[in-house]
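Open the model in your viewer and keep the selection tool at hand.

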Amino acid sequence: MSAPQPCVFVIDDEEAIRRSLALLLRTAGLNVRIFASAAEALAATDSIEPCCVLTDHYMPQMSGSELLKALHDKGIAAHFLLMSGQDEDIPAPAEFQAELIRKPFDPDHLTKILLRLVAETKRPGC
Amino acid sequence: MTRQTNIPTVPSAPDIALLLVERGKIVLANQAAATLLGAASASVLHGRAVGDFLSPQRSAALASLLLPNETTTLEDTTHIVSSFHRLDGTKVDCLAGVEALTWQDASVVMLTLRVVDETHDERMTSQESESQLAAFVASAMDAIISIDAAFRIVLFNPAAEQMFGYHSADVMARPLDFLLPERFRAAHEVHIKQFGATGETTRRMGIKTALKGLRANGQEFPLEASISKSQIAGQHRYTVVIRDVSARQQREEELRLAQDQITHMARLSTMGEIASGISHEINQPLTAIATYAQALERFMTGAAEFERSEMIDIARQITQQSLRAGEIIRRLKAMIRNQVPKFELLRIGEVLTDVSALAEMDARLHQVQLKFRIEKPDVQVLGNAIQLQQVLINLIRNAIDAVADLPASRRTIELRQSCESDRTHVAVIDHGPGVSAAQAQDLFRAFFTTKSHGTGLGLPISRTIMNSHRGELTQSTTPGGGATFVMSLPSAEAAV
């Protein structure tokens, strides 16, 4: 099932990051859903299928890359973007492509990437 | 009648208390005598009046033999049971052997003491007592050198030969000063003359000062010496007992260097770990600030519409996140500042709250759950907050590593604070693979580590810190498996 408008999931346990990203991405016209944990986002995919998932990696309980793997295993074919504030490399799951975004990032650049990904998803009829 | 005593080399000295008394003063004593009389070392006895140690009630006979009296003559070894005072005032009954000898051209009395027991019939023959004095000098661990009033060597024992690298026969009658580095010679002579000129013969004359010696091979070495003075026919005679302390000083120096190195490495590794944790923490507010600023920019360029209240909120968020970043930097600076640890009264609850704040990040990064169980948060301890935090953070970090391979549900670390009589304990409990018996032996040894990137310094430093807090750091096995580390330290008065 798909939402009426392509949806971007933003997952970060840090409230300031969630709120600021939601604010910015909405000004760009994106349909954004924010979640404080991987589990909440995973549960939400029962009713909404996102076209983009932008998640922090280091989170309690379930990490960002674990979430992406779970979504992938669940058959969710979204664009995956993994954020990290650490300098070290994140062991990215090999089964799918995930773009690594280091914090702090250029918010304008991120917005453009997401807009492009959403547009790409739209064309085949997301 | 007196006998001239040569100093034959005797392989071992019987452990009998031996004092050499000249005109009522102890000029030489061995360790057994020091032990018997309650002195820390033989040098403490040197120069003391032997009368100080004689009990007036039960030693009159002995006193008359020992105290200066030109008319006293001893025909043979005399044995008298006498009572002695130890330095701490307690009494000890001894069988005292008294014998007149000529030692280094001086008339002396040799006193051998054995604590009296039921069978005190073992009386030494004079032959035995002579060889005991000889053995004492010959087998002494310390160099013993005697010089006459002209500073010429009259006795040079085997330990002195070993220490300075000369044969006794080659140094006899030579002035002493070749045993000192040249720059000290003039001052040394003055010192000895001044020492000789003091009238302080009734006080202890053994002095201990840091000096340098010169070996035959030209090598200088640090030494400790005690000197005692005696007088023979108006002429001064000095006996110096010398200990080579170079090995000890070298050990101390090595230890100090190792300590410095450990501290330095610990600081570096702590800084590295703090830096990586901090970089993540600081990147969070920076990300939020950049994102909010970008949203504002979109408003300014007409790409976005905001309500006035939203704009105010965005500006506030930017301010708040900037302040937060600044606070993190301040915390980093406080942590790495090279500060002399200041001890103060700390509430254990506050220490643990700070630890919780510092460790939370690390735990979150590794998806480990930290549980704090604080029984008495108001109990106070005397200590340095930063150091105690360092110990606990280190233990938590080790525990995080220990549980890293467990399923997420079991990645739990418990910090449990409790009190037992006058001590406060903080246990860091994990359910990881635990510590094997073999590892446990080396756990607190510097540079021992089971981690691929470990320094092996965390636990040794932690234990050092705990020792400086009059506390302990111990390891045990968690019931059901895993490692438990307990820091314990004395509780101060509980805060009311």
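Start where chain B meets chain A: across this interface, eight residue pairs are in polar contact, both partners at pLDDT 80 or more. The model is a predicted one.

Select α8 (246–300), α9 (308–336) and α10 of chain B; these elements each give two or more residues to the side that touches chain A. By class, the side of chain B that touches chain A holds 10 nonpolar, 11 polar and five charged residues.

Next, show the side chains of B:R324 and A:E14. They meet in a salt bridge, 2.7 Å from N to O. Two salt bridges are found across the interface of chain B and chain A.

Now view both sides together. In contact here are 26 residues of chain B and 27 residues of chain A. The area buried between the two chains is about 2,400 Å², with 54% of it from carbon and sulfur atoms.

Move on to the largest nonpolar core, which has 37 residues. Select B:L392, B:I413 and B:M487, the members that touch the most others. Among the elements of chain B that each supply at least two residues of this core are α10 (348–365), β15 (412–420) and β18 (483–490). The most comes from α11(B), with 10 residues.

Centre on B:M487. Beyond its neighbours within four places in sequence, its contacts include B:L388, B:V391, B:T424, B:M466 and B:L473.

Last, select A:I113, B:A295, B:A304 and B:I314, which are among the 33 residues of a second, separate core.

Note on methods
Residues numbered from 1 in each chain as written. Chains lettered and ligands numbered in written order. Predicted model: local features only at pLDDT ≥ 70, side-chain atom pairs only at ≥ 80, totals over all residues. Heavy atoms only, no water. Core = buried A, V, L, I, M, F, W, Y, C linked by side-chain atoms within 4.5 Å. Buried < 20%, exposed > 50% of the residue type's maximum accessible area, 1.4 Å probe, protein only. Helix = DSSP H or I, 4+ residues; strand = E, 2+ residues; numbered from the N terminus. Contact = heavy atoms within 4.5 Å. Buried area = accessible area lost by both parts, 1.4 Å probe. Salt bridge = Lys/Arg side-chain N within 4 Å of Asp/Glu carboxyl O. Polar contact = N/O pair within 3.5 Å; in protein donor to acceptor, adjacent residues only side chain to side chain. Nonpolar A, V, L, I, M, F, W, Y, C, P; charged D, E, K, R; others polar.
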